[in-house]
Amino acid sequence: MTDLRQHAVEIHEQFSEALDVSVDEIEDRLETLVSEYRVPVEEARRSVVSTYLDEADMGREDIASGGSEAAEVADIDAPEEWLDLTAKVVELWDPRADSIAQVGLLGDETGTVKFTKWAKSDLPELEEGAVYRLGNLVTDEYEGRFSVKLNSTTTIEEIDEDIEVGDDSTEVEGALVDIQSGSGLIKRCPEEDCTRVLQNGRCSEHGEVEGEFDLRIKGVLDDGETIHEVIFNQESTEELTGITLDEAQEMAMDALDTEVVVEEMRETVLGRYYRVAGPTLGRYVLANDIELLDGPVDAESVLIKARSL
């Protein structure tokens with residue numbers, strides 16, 4: 001059985017009771033996205049699942065999970081996987097939308113991960129500092145940053161023990177030798193708890209939407225031996241470049257081209273030496289703290305390397 005066929009079979013099992021759709025039809029949808037539109041297989045699957053969720057008027061939490069396995073935070077490395085976690089509620093944040101009952105940070109000995117509990121799941125309240133055995137969570141991801149969702153099938157059991165939450169922060173330094181595609185002035189999906197970056201005005205989860213502007217840099221630091229990929233969010237990008245979001249929008253409007261923003265950023269930061277600290281999210285380090293260093297940078301060799309990436 002091919003990979004696409006296997007995905008089609010699994011999707012069919014999830015929607016067989018709600019929709020009159022065959023495995024062949026699902027496989028054809030996947031094939032179109034993968035072959036004609038060059039969408040990665042996992043992204044194609046998420047897109048097809050989202051389409052069927054809309055057609056069936058279902059929430060993602062209503063999909064049959066097919067079972068879950070015990071895991072640690074460090075094991076979370078893919079979206080749409082079902083798992084069980086024993087974790088401490090490290091921090092609770094104010095929800096941004098009425099559809100979200102609770103949002104915050106869970107942690108175990110291996111690190112921390114964001115969690116979201118949907119209001120319609122009608123689950124008990126989690127308390128900051130308490131430890132829970134959480135069953136049947138589903139993982140999510142954007143830009144290499146993973147999270148877990150509590151849904152109507154999730155089980156919650158408070159346990160009488162403490163967990164020493166591990167520190168998953170990383171510190172790297174080196175010359176900034178490249179700014180990758182997808183940097184500069186971007187647009188994100190405005191839907192609740194999404195924020196995925198739009199591609200040609202489309203969100204992989206919600207289709208065509210009116211995006212909201214944001215700034216980011218996906219950069220490459222080179223310490224002379226190892227390459228480190230780093231994501232700078234709006235706040236750290238503004239700190240790094242001196243360009244605010246409002247200024248970036250004005251630059252793009254004047255030039256009728258968003259590329260002028262990232263080109264200006266390249267002129268400002270390429271070849272400079274930085275120390276960056278923050279959590280590791282997939283293959284990226286999220287730049288929570290930035291320090292400009294007087295590093296041993298040979299500007300000419302750095303720019304040669306940047307052009308070769």
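Q: Which residues does Phe232 touch, not counting residues up to four places away in sequence?
A: In this predicted model, Phe232 touches Leu215, Arg216, Ile217, Thr237, Leu240, Val276, Ala287 and Ile290. Contact here means heavy atoms within 4.5 Å.

Q: Why is His228 called buried?
A: The relative accessibility of His228 is 18%, and buried means under 20%. His228 therefore counts as buried.

Q: What makes the pairing of His228 with Asp223 a polar contact?
A: The two side chains meet at 3.3 Å, and the definition asks for a pair of N or O atoms within 3.5 Å, one able to donate a hydrogen and the other to accept it. The pair therefore qualifies as a polar contact.

Q: Where does His228 lie, and what does it touch?
A: His228 lies in strand E13, residues 227-232. Leaving out residues up to four places away in sequence, His228 touches Val172, Glu173, Gly219, Val220, Leu221 and Asp223.

Q: Which residues have the most contacts inside the largest nonpolar core?
A: They are Val230, Phe232, Leu240, Tyr274 and Val276, in a core of 24 residues. At least two residues of this core come from each of strand E8 (169-179), strand E12 (212-222), E13, helix H5 (245-255), helix H6 (259-269) and strand E14 (273-281). H6 supplies the largest share, four residues.

Q: What lies apart from this core?
A: Another core, of 18 residues, lies apart from it, with Val89, Phe115, Leu137 and Leu150 among them.

Q: How many of the 309 residues of the protein chain count as buried, as a percentage?
A: The share is 46%.

Terms used: Residues numbered from 1 in each chain as written. Predicted model: local features only at pLDDT ≥ 70, side-chain atom pairs only at ≥ 80, totals over all residues. Heavy atoms only, no water. Buried < 20%, exposed > 50% of the residue type's maximum accessible area, 1.4 Å probe, protein only. Core = buried A, V, L, I, M, F, W, Y, C linked by side-chain atoms within 4.5 Å.
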